[in-house]
Each structure stands twice: as C-alpha cells, then as structure tokens.
Amino acid sequence: MDLLERRSVFALALIYLFRMLGLFLIMPVISVAADGLTGADAALIGTAIGIYGLTQASLQIPMGM
C-alpha cells in the first residue's frame, strides 16, 4: 500500500472508531447520568437517545457521499 491508501484507511478507521465510541460507550453513560438530573424521566431520556440515533441514521448516507 502506498501512502495515500494508508492515510485513507486510517481516516476511515478513525471515523468508524468515533461512531462506535458514541454508540457503545457514551450512550449507556448518558442514560445513567441523565437519571440523576432534575426533571428527567424515562421518556425524556429515551427521547434524547432516540434523537441521537435518528440523527446518525438520517445523516449517514448524505454525509457519506
């Protein structure tokens, strides 16, 4: 592989890493931490997590092009 291919592979791996970090490390922490906030209930926490997932789903194809 030449330098351009290595840089491309590294960039794609980094993007995938941040996406997986957001999905599997940050989201469970947000749901536990939000439980201690004033006025937060299960519906609001679920809505916040759902909005995050819908945003990722709706922007994945346009931003991937």
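Trainee: In which helix does Ser58 lie?

Mentor: In this predicted model, Ser58 lies in helix H2. That helix covers residues 42-64, which makes 23 residues.

Trainee: How many Å does H2 reach from its first C-alpha to its last?

Mentor: A helix has an expected span at 1.5 Å a residue, and the span found can be set against that. H2 reaches 32 Å, close to the 33 Å expected.

Trainee: Where does H2 bend, and by about how many degrees?

Mentor: H2 bends by about 30 degrees at Ser58. A proline, Pro62, follows within four residues.

Trainee: What lies 3.2 Å from a polar atom of the Ser58 side chain?

Mentor: The backbone oxygen of Thr55 lies at that distance.

Trainee: Does Ser58 count as buried, partly exposed or exposed, and why?

Mentor: Relative accessibility decides: buried is under 20%, exposed is over 50%, and partly exposed is in between. Ser58 has 46%, so it counts as partly exposed. Of the chain's 65 residues, 6% count as buried.

Trainee: What separates the C-alpha atoms of Ser58 and Pro28?

Mentor: The two residues are 30 apart along the chain, and 21 Å separates their C-alpha atoms.

Trainee: What does the secondary structure of the chain come to, and is the chain spread out or compact?

Mentor: The chain has 2 helices and 0 strands. Its radius of gyration is 16 Å, well over the 11 Å that the globule rule gives for 65 residues, so the chain is more spread out than a compact globule. Along the principal axes, the C-alpha atoms fill a box of roughly 55 × 20 × 15 Å.

Definitions and conventions:
Residues are numbered from 1 along each chain as its sequence is written. This is a predicted model: local features need pLDDT of at least 70, side-chain atom pairs count only at pLDDT 80 or more; totals for chains, interfaces and linings use all residues. Side-chain values use heavy atoms; hydrogens and water are left out. The expected span of a helix is 1.5 Å times one less than its number of residues. The bend at a residue is the angle between axes fitted to the seven residues ending there and the seven starting there. Buried means under 20% relative accessible area, exposed over 50%, partly exposed in between (1.4 Å probe, protein chains only). A polar contact is a pair of N or O atoms within 3.5 Å; within protein, one must be able to donate a hydrogen and the other to accept it, and residues adjacent in sequence count only if both atoms are side-chain atoms. The radius of gyration is taken over C-alpha atoms; the globule rule is 2.2 Å times the number of residues to the power 0.38.
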